[in-house]
Amino acid sequence: MSLSRRNLLAATGAVGATVGAVAAGGPARADTPRGRPGGGPGVRTGFDRLAAGGYAELAGQRVGVVTNPTGVTPEVRHIVDVMHADDRVNLTAVFGPEHGFRGTAQAGGSEGRYEDPATGLPVFDTYLKSGRELADIFTESGVDTVVFDIQDAGARFYTYIWTLYDCMVAAVGAGKRFVVLDRPNPVTGRDAHGPVLEKEFATFVGREPIAQAHGMTVAELALLFNAEFVPEAAGRAVELDVVRMSGWRRGDFFDDTGLPWVPPSPNMPTPETALVYPGTCLFEGTNLSEGRGTTRPFELLGAEGVDRRWAEAANELELPGVRFREAYFAPVFSKFAGKTIGGVQLHVHDRNAFDPVRTGIALLVTAKQTWDGFAWRPDNWIDKLTGSTRVRTAIDAGATTDEVVAGWRAELAAFRRTRREHLLYRGR
């Protein structure tokens, strides 16, 4: 099924029926989910359903896959290895994003182009490539269909969703079909939170105007991107198909799914990291450590000279679902490497009540209030993360947490309306 701005709204309901019917056919595979913790049916990812249907959606196509270490079956076999060994699909190329296809590179790095030792397949590097350059890579690869299967973390500034976007744009330019295999949003898909990007602040941590915590799956984002943002080329829109999950409910956290967690990047080691990340990643835009170089990135925050007053001030706000512990730690790399610094550790005790974006703003406000060394990164990276100058200038002007959050209320409401049109799953 091809979807574009013109037919998206009419076709959205048919996406689940058509693709679901294809993916549900065929014999069950041994690597299907074992079930949810505590019993009940587990979630079947888009790949699980595609494979169960005998790869009917890819029949007769030369296929290239955009993926990373998170592209695994419930038995933690990588989908590239599974597809390469299956005569029903003609897998001819792999495309690696940031950190690489096999995940050997740290933040801001990739694996380059090489031949995968396990399969012999050519691996093309997509990191920081877009537009014509990326379209030329797709053309060079010789594939007919580009398949995307990467686990997202649920935040606008997590770059894999913009790899998705860039690949969709490039697929238009190269005349390639595009298929998205869906996976869960690990922090639920209940709602969207936070400021919406202003277009003039677009970077690889935010290409288009979506909320900071978007509350969507990658397939839902692909539908939104295609309807709202992906440009047509020579009158042609991207030929987009999505393969839905089954068993996923919008209120599910990752540990509700019965699926294995594979760190999607080196500093996203657990689903608990993903829970706080949409808020505490904002500390990348400050001179405080965001916990990189520790075993609890984005849960530990701090700097030299920070003491108990920060945790005390944050706890006084009585933010829902979270408490703060005075903490001391020594990062082994990144900011303050090898130095013991003070700060806070977040302890989320009620994840249903927890609002990561509001919490991140509250921590910025209280850090500035309690530590006279607080500063933004000189390049104002905070503006790229929040999507405008408004958060930074409001905090500098002495705004409270409530006042900062109120500043994005109207734009968030507008995004929520747009988002609602592209949701594939219901239920809490």
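**Figure 1. Surroundings of helix 7.** Strand 8 (211–213), strand 10 (300–303), strand 12 (341–348) and helix 9 (356–370) are the elements against which the buried residues of helix 7 pack. Contact means heavy atoms within 4.5 Å. Buried denotes under 20% relative accessible area, exposed over 50%, and partly exposed the range in between (1.4 Å probe, protein chains only). Helices (H or I, at least four residues) and strands (E, at least two) are DSSP runs, numbered from the N terminus. The model is predicted: local features need pLDDT of at least 70, side-chain atom pairs count only at pLDDT 80 or more, and totals for chains, interfaces and linings use all residues. Residues are numbered from 1 along each chain as its sequence is written, and side-chain values use heavy atoms, with hydrogens and water left out. Helix 7 is largely enclosed by the rest of the structure, because 8 of its 10 residues are buried. These buried residues are Thr273, Ala274, Leu275, Val276, Tyr277, Pro278, Gly279 and Thr280.

**Figure 2. The aromatic pair of Phe157 and Tyr277.** Rings of Phe, Tyr and Trp (its six-membered ring) pair if their centres lie within 6.5 Å; planes under 30 degrees apart count as stacked, over 60 as edge-to-face and the rest as tilted. The count under this rule is 16 aromatic pairs. In one of them, the ring centres of Phe157 and Tyr277 lie 5.4 Å apart with the planes at 80°, so the arrangement is edge-to-face. The pair links distant parts of the chain, 120 residues apart: Phe157 belongs to the loop between strand 5 (145–149) and helix 5 (160–174), and Tyr277 to helix 7 (residues 271–280). Phe157 is buried at 3% relative accessibility, and Tyr277 is buried with a relative accessible area of 5%. Ring pairs join Phe157 and Tyr277 with Tyr158, Tyr160 and Phe298 in a cluster.

Figure 3. For Phe374 and Trp376, a centre distance of 5.0 Å and a plane angle of 85° make the pair edge-to-face. Phe374 has a relative accessible area of 10% and is buried; Trp376, at 13%, is also buried. Elsewhere, the charged end of Arg244 sits over the ring of Tyr425, 5.0 Å from the ring centre. A charge sits over a ring if NZ of Lys or CZ of Arg is within 6 Å of the ring centre and within 35 degrees of the ring normal.

Figure 4. The strands follow the order 3-4-2-1-5-6-9, with mixed pairing. Strand 3 (114–115) and strand 9 (239–243) stand at the edges with a single partner strand each, so one side of each has no neighbour in the sheet. Two strands pair if DSSP finds at least two bridges between them. Strand 1 (residues 62–67) and strand 5 run parallel and are joined by 5 bridges. Val66 lies opposite Phe148 in strand 5.

**Figure 5. Cysteines and the chain as a whole.** The structure contains 0 disulfides, a disulfide being a pair of cysteine sulfur atoms within 2.5 Å. Cys167 is buried at a relative accessible area of 1%, and Cys281 is buried at 0%. The chain has 13 helices and 12 strands, and 59% of its 428 residues count as buried. Of the contacts in the chain with a separation of 6 or more, 74% involve residues 24 or more positions apart.
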